[in-house]
Structure formats: C-alpha cells, structure tokens
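Here is a short briefing for a first look. Take in the sequence and the fold, then read the points below.

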Amino acid sequence: MEIDLKQSWTLGSPLGSGGFGRVFEAKNENGDIKAIKLIPKTPGADRELLFEDLTGVRNIIPIIDSGEFEDNWVLLMPRGEKSLRDHLSERGSLSVSEAVNVLSDIATALSDINGKVVHRDLKPENILLYNGQWCISDFGIARYAEASTAADTHKFSWTAAYNAPERWQYYRATTASDMYSLGVIGFELITGRRPFPGIDPRQEHLTQISPQLTGCPPLLTALVAQCLMKAPEVRPLAENFLARLAPILRPSSGGASLLQSANLAQSQQIASEMAARSVAEDENQRKRKIVKSASQIFSMVLNQLEQSIRDNAPNATIEQIRNKSIVGTTRKVHILDSSGDYSHGLSAKLGPSTLTVQPVEETNNNNWGHFKPAFQVLAHASIEVRIPANRYQYEGRGHSLWYCDAEEEGVFHWYETAYMFTPIFNGTRLQNPFSLSPGVESGKALSRALTEFQVAWPFTPIQIGNENEFLDRWMTWFAQGAVNQLSSPSSMPERNTSGTWRQ
C-alpha cells in the first residue's frame, strides 16, 4: 500500500498497538525507513489540532510531513528505536541512575515547551528512544481526539493509568496534568509498576494515597511524590523538576544525607496524601485543597528543621505547637485532617535563644483593606528567633512564610519574606526585621505607595530539594542567639528586594 506525500511511501508492518490511530513502518524508494501514523478523520475535530509549533523544543519526535489517505490524516515521523513501554517490558524496572536520565530527557522537552503546549496523554507508549534520547511523540493527538463529536473517540484522548485527578473531574488539562503523568511514569520506572492497580482508576486517582517509593534517594522520592499530589497547583513546574533532578545522583554531604534520611519516611507519605472528597467542588473547596497540600509541603521542611536541631543540638528543648496564640486568645488552626494535623508548628529553646515556627493558617483575603496585593496568598505562617532584650533593645528577628503566587500568576510556592519600618518614619519594634501576617500592614509594604512599612527581605521560594539554604540560615541565627551573638542587621533591607513580587 503506497501513500503519496512529498515522496511516495510504502506501508510496511504495524509498529506498536493501541492508542488513537495506527502506526506503520514506512519505506520510500531510496530505502529510507520512517514511521507513518494514520489518524481517523472524525467529525468536529479540525486537522490543525494535530499540529503544535514545537520549533526549538528538544527531545520530541518531529512531524516530517503530513497528508491524507482515504479516511485518515497521515503523519510522517522518524522511526524511534523503541518505546519506553518496550524498554520497561524488557527490563521490568530501571536503576535509579537510568530512571533519572529518562525523566531528565522527558522533563527537558516539557521545560522547553514552557507551558505553551499540553500533551494530555503522556505515557511510556508515547516516549520513544531516538538519537540516543528519550523523546515525546504524539503532541496534538489527545487534543484532536477531545475535540471530536464522536463519542467513541473520546476514550482515546487520555489513558486512565496516567490521568491526573483534575481530568477525572473534567477540568481542562494543564501543564500540571502532564507533570502528574510524569510522576506516574517516574514511579513506574523505579518500581516496574504503576502507583495504582487500575481496578477503579477514577477513584484511585481522586482519593487514594500513592504507595511509598523505597530504595531510592530521598530527593527523588519527594520529587515523584510531589508530582503525584492531587492539587495541580502544588506540583512542580517542568523546569523546577529538571533542576531538582540534577543533584540526585551527586554524593550528598554528611549533614544533607542525614537530614534526607531522617525525613524520608514522613516525606514519602505526606507528599502524596491529598484526596479529593467530592467530584463537584466550588472555588473555596478548591483553594482549601491547595492549602492542605501546601501545609503538607510546609511540614516536610519543618520536619527537616526539627531533625537538624535534634541531631546538632541534643540539649535543645523542642515542642510542637498545635494551637496559635493571637492577642491573648487561642485559636485552632484551620488546616486539619481526620488522619492527622499537618499544620503543627515548632518551638525549640537552647540557652537564651528560642526558635519558633507558627502553624499554617488559611489566609483570609478580606483583611487587606485598600492594600490588597496583585498576587494571592492562600496560607501563611511565620518563623522567628527571639532572645532576651539586650542593651540595644534588640530581641531577635522574624520572617513571614507565605504560600502565594508572588512571581507568576497561578504558580504557588512557599515564600519567605520579612518587613521593616520605612526609615523616614519613627516606628520601632524589638525585632528587626519582623514578620507580618497578610493584611493592611503587609499590604502597605507591598504597595507602590510610600507608607510606614516596607519589604526587608526578598520573596524567596522554599521548595523541597532546595531548602538547605533556608534551614542553614535559621540554624545559624538560632545558634548565634544561644551564645549571645545575634545582633540587629547592620543595614536594611539586608538583600535586594526589587522585583521579587508582582505589583
């Protein structure tokens, strides 16, 4: 059977099976061997949906030529050596180093795309070994199938085992949906099986906790677990995923290795625990779902801080904080779950120095008055090191911890920041800098207006895998307080804050 494109191609044996459309080996008169995919023409689906502008994107299978044949659209592509599914069938599971290399190849493609395109059906069958790299194929196929008005076509627009929770709720696919699929693939590469058995895939992806990964570096465990979180907003971006893969195979320092091992058991469970309790969710429920996941991420960092204090200062007195005292009253934190309290805080005392991390609270965005910032704050906490007031009337420092989309709309992270009094005003506090909750005072600092408050520390993201600098700073300040060496900063702001939040 011959198909005329720019050249005449003769179809050979089928390649692979399943999925939307059929793939065949194809050979031209020069003996060149490629792959041809025949996509059924379906009512309501425009041919142009099959084509994405992927110029300059690495690690993808390009479309060389296209045309028509009988009742099919025709896509001519390079022939890959084998699919990742074939590779897994041969090997069962991969070593950590090989799995990291495969994930790196896939994440490189997703990072280059940078949110412009959503694949919608990322799975081992669509990842091919080509020119020594694992490359993604079939961009546009799922989008084309989704657009069809033929009911029996829609079942091919995604694959149940890799489908993100929000897709089961019929929300639109986003880059976060692809990252969830990448998390499933990562789990499968390491274990040789998918995280859910597939008996009732909808309920499994919506409500079940992903099993724990074992026998691999803690950073990889946490990264895959974060991809598998139910709330799309807390999954890593592709470029962040790629950056966090880089240090996984490097030897860890003694302290980092100790912290990673100590935190592994809890991070494996916490990172994957988030269940959607209802198919129909309003906006408030959606935000609460995000905040719960944010609280889980916060707990991972807090657990590392607590373990580091226990390891390095066994004489320190450590207590967990379950309630938060505010202006003489006690208020229960909002982020609770029937399986446990993810929003505890921490109090550690060593000599005269006290380090306190307040529990996570859900943010009331009606408290800004006239100074509501350009970004959303969904949850907040704070951290401080306090010492007895010295002769300079200095009692230490405090920073705010906000879960917000400070840098890019809709992309939420935990951020550390701090505040100060604007020098031309005569405000004084015994802490310098100090923390502020989301509200009028912090809103003034974030506004373009000249007010009594200003930002004293740049909005700095805190993410699992790059939290060591944050932990080390606070351990240093806690230690300085214990030996009476903690002093007020010599200049304020201490770091350049310009451009670190959206205005």
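**The sheet, the pocket and the cavity**

Seven strands form an open sheet in the order β10-β13-β14-β15-β16-β17-β18, with antiparallel pairing. β10 (317-321) and β18 (453-462) stand at the edges with a single partner strand each, so one side of each has no neighbour in the sheet. From one strand to the next, the twist averages 20 degrees.

This is a predicted model: local features need pLDDT of at least 70, side-chain atom pairs count only at pLDDT 80 or more, and totals for chains, interfaces and linings use all residues. Residues are numbered from 1 along each chain as its sequence is written, and side-chain values use heavy atoms, with hydrogens and water left out.

**Inside the sheet**
- Strands here are DSSP runs of E with at least two residues, and helices are runs of H or I with at least four, numbered from the N terminus.
- Two strands pair if DSSP finds at least two bridges between them.
- β16 (residues 396-404) and β17 run antiparallel and are joined by 5 bridges.
- Cys404 stands opposite His413 in β17.

**The largest pocket**
- A pocket is an open set of points on a 1 Å grid over the protein atoms alone, with protein on both sides within 12 Å along at least five of seven lines; lining residues have an atom within 4 Å of a point.
- The largest pocket has a volume of about 930 Å³, where volume is the space filled by probe spheres set on the points.
- Its lining has 42 residues, and Thr174, Thr175, Ala176, Pro232 and Gly410 lie nearest the centre.
- α2 (96-113), α5 (175-191), α8 (238-245), α10 (283-312) and β17 (413-421) each supply at least two lining residues.

**Helix α5**
- α5 has 17 residues and reaches 25 Å from first C-alpha to last, close to the 24 Å expected at 1.5 Å a residue; the expected span is 1.5 Å times one less than the number of residues.
- Of the 17 residues in α5, 15 are buried (under 20% relative accessible area, 1.4 Å probe, protein chains only).
- Just after α5, Gly192 takes a positive phi of about 80 degrees.

**The largest cavity**
- A cavity is a set of grid points where a 1.4 Å probe fits but cannot get out.
- The whole structure holds 6 cavities of 30 Å³ or more.
- About 110 Å³ of space lies in the largest cavity.
- Residues lining the largest cavity include Phe298, Leu401, Trp414 and Phe470.
- α10 gives the largest share of that lining, 5 residues.

Technical notes:
Buried < 20%, exposed > 50% of the residue type's maximum accessible area, 1.4 Å probe, protein only. Axes fitted to C-alpha atoms, helices over the stretch in contact; angles between N-to-C directions.
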